[in-house]
Amino acid sequence: MFTLARRMDDMLGRFFEQNGSSEGAWAPACEVYVRDGKVAVTCDVPGVDPGDIHVAVKGRTLTISGERKGMEEIPGEDYWCREIAYGRFARAVTLPDEIDAKAVRATYRNGALNIEAPLAKEPTAQTVPINVEQPAVAA
């Protein structure tokens, strides 16, 4: 059911983008899991500059927002195929449990945003800075 809902969201986002409104036309796909007393969230954000991503936590809600900017302005009629969504995005993820918002760590690597936080006993709120990791260069 979740996969069907995600595909409908993607399809509707592409429809509105093609019709002139890209505001909120897409949201990154995310995975959320709990392991070793920590909540981990991974979001697909390829092509998004880490400086254009904002992460905030309030209670059990993790909000990821930002913008994927287009490379250059190309008139719509010049496209043969257009599948990449650009523009602002926002994604709110309900976490499985309360976390320690002051201990949230976010890293960006190879187009993926990875967020990790320990489970907490007291609810907290926090804006989270994103650390950019450079990919390893193969020798």
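Residues are numbered from 1 along each chain as its sequence is written, and side-chain values use heavy atoms, with hydrogens and water left out. Because the model is predicted, local features need a pLDDT of at least 70 and side-chain atom pairs count only at pLDDT 80 or more, whereas totals for chains, interfaces and linings use all residues. The pLDDT, which is the predictor's confidence in each residue on a scale from 0 to 100, averages 82 over the chain, and 78% of the residues score at least 70. Over residues 16-23 the pLDDT is below 50, and this stretch has twelve contacts in the model beyond near neighbours in sequence, a contact being defined by heavy atoms within 4.5 Å.

From the N terminus on, the elements run α-β-β-β-β-β-β-β-β-β. Of the contacts between residues at least 6 apart in sequence, 59% join residues at least 24 apart. Buried residues account for 30% of the 139 residues in the chain, where buried means under 20% relative accessible area, exposed over 50% and partly exposed in between (1.4 Å probe, protein chains only).

Four strands form an open sheet in the order β5-β4-β3-β8, with antiparallel pairing; two strands are taken to pair if DSSP finds at least two bridges between them. The edge strands are β5 and β8 (125-128), each of which pairs on one side only, and the twist averages 15 degrees from one strand to the next (axes are lines fitted to C-alpha atoms, for helices over the stretch in contact, and angles run from 0 to 180 degrees between N-to-C directions). Within this sheet, β3 and β4 pair in the antiparallel sense over six bridges, and A56 stands opposite T63 in β4.

The largest nonpolar core has 26 residues, and those with the most contacts inside it are V41, I53, V55, L62, I64, L113 and I115; such a core is a set of buried Ala, Val, Leu, Ile, Met, Phe, Trp, Tyr and Cys residues joined through side-chain atoms within 4.5 Å. At least two residues of this core are supplied by each of β2 (38-44), β3 (53-58), β4 (61-68), β5 (87-94), β6 (105-109) and β7 (112-118). Residues up to four places away in sequence aside, L113 touches V41, T42, C43, V45, I53, V55, I64, A106, T107 and I130.

A search of the whole structure finds one disulfide, defined as a pair of cysteine sulfur atoms within 2.5 Å. This bond is formed by C30 and C43, whose sulfur atoms are 2.3 Å apart. Since C30 lies in strand β1 (residues 30-35) and C43 in strand β2, the pair ties together parts that are 13 residues apart in sequence. The torsion about the S-S bond of C30 and C43 is about 100 degrees, so the disulfide is right-handed. C30 counts as buried at 17% relative accessibility, as does C43 at 0%, while C81 is partly exposed with a relative accessible area of 47%.

D97 is found in the loop between β5 and β6 and, at 40% relative accessibility, counts as partly exposed. Leaving aside neighbours within four places in sequence, D97 is in contact with R60 and L119. The C-alpha atoms of D97 and K38, which are 59 residues apart along the chain, are separated by 9.7 Å.
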